[in-house]
Amino acid sequence: MIRVSSAAKALVAALAAGAGVAATAVQDSVFTTGETVTTVLAILGALGITYAVPNRQPDRATPGQGL
């Protein structure tokens, strides 16, 4: 079962990575093929890596203290 928090975490990471790469790519007002490939790879990489890493579970000894 897909947990909403894991999917939301991955989507936010992909949005941040894509926005960062796209903002850098359009500095010269031209979005080339290489910049498009870089943007897509950054988005896919952020989605895959962030989704694969599980969220940290709260500590059972001290409730409410996740970190």
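Trainee: What end-to-end distance does helix α2 have, and what should it span?

Mentor: This is a predicted model, so the values we discuss are computed from it. Helix α2 covers residues 33-52, which makes 20 residues.

Trainee: Which residues of α2 are buried, and how wide an arc do they fall within?

Mentor: To count as buried, a residue needs a relative accessible area under 20%. In α2 the buried residues are T39, A46 and T50. Viewed down the helix axis, these buried residues line one face, because they fall within an arc of 35 degrees.

Trainee: Which exposed residues sit on the face of α2 turned away from the buried side?

Mentor: Exposed stands for a relative accessible area over 50%. On the face of α2 turned away from its buried side, the exposed residues are T33, L41, L44, I49 and A52.

Trainee: Let's look at T50 next. Is T50 buried or exposed, and which residues is T50 in contact with beyond its sequence neighbours?

Mentor: T50 belongs to helix α2. Its relative accessibility is 18%, so T50 counts as buried, the limit being under 20%. Setting aside neighbours within four places in sequence, its contacts are K9, A10 and A13.

Trainee: How far is the backbone oxygen of A46 from a polar atom of the T50 side chain?

Mentor: A46 and T50 are both among the buried residues of α2. A polar contact calls for N or O atoms within 3.5 Å. Here the polar side-chain atom of T50 and the backbone oxygen of A46 are separated by 2.7 Å.

Trainee: And T39: what is its relative accessibility, and which residues is T39 in contact with?

Mentor: T39 is another residue of helix α2. With 10% relative accessibility, T39 counts as buried. Leaving out neighbours within four places in sequence, T39 is in contact with G18, V21, A22 and F31.

Trainee: How far apart in space are G45 and A14?

Mentor: G45 is part of helix α2, and its relative accessible area of 30% makes G45 partly exposed. In sequence G45 and A14 are 31 residues apart. From C-alpha to C-alpha, the distance is 7.8 Å.

Trainee: What about L15 and I43: how far apart are they in space?

Mentor: L15 lies in helix α1, residues 4-25. L15 is exposed, at 61% relative accessible area. I43 is 28 residues away from L15 in sequence, and the C-alpha to C-alpha distance is 7.1 Å.

Trainee: How far apart in space are S5 and N55?

Mentor: S5 is found in helix α1 and counts as partly exposed at 36% relative accessibility. S5 and N55 are 50 residues apart in sequence. Their C-alpha atoms are 8.2 Å apart.

Trainee: What is the phi of S29, and where is S29 found?

Mentor: Most residues other than glycine have a negative phi. S29 is not a glycine, yet its phi is positive, at about 65 degrees. S29 is also exposed, with a relative accessible area of 69%. As for its place, S29 is in the loop between α1 and α2.

Trainee: To finish, how many helices and strands does the protein have, and what share of its contacts join residues at least 24 apart?

Mentor: The protein has two helices and zero strands, and 12% of its 67 residues count as buried. Its accessible surface is about 5,100 Å², with 69% belonging to carbon and sulfur atoms. Among contacts between residues at least 6 apart in sequence, the share joining residues at least 24 apart is 58%.

Note on methods: Residues numbered from 1 in each chain as written. Predicted model: local features only at pLDDT ≥ 70, side-chain atom pairs only at ≥ 80, totals over all residues. Heavy atoms only, no water. Helix = DSSP H or I, 4+ residues; strand = E, 2+ residues; numbered from the N terminus. Expected span 1.5 Å × (residues − 1). Buried < 20%, exposed > 50% of the residue type's maximum accessible area, 1.4 Å probe, protein only. Arc of directions from axis to C-beta. Polar contact = N/O pair within 3.5 Å; in protein donor to acceptor, adjacent residues only side chain to side chain. Contact = heavy atoms within 4.5 Å. Areas by Shrake-Rupley, 256 points an atom, 1.4 Å probe, with all protein chains shown as cover.
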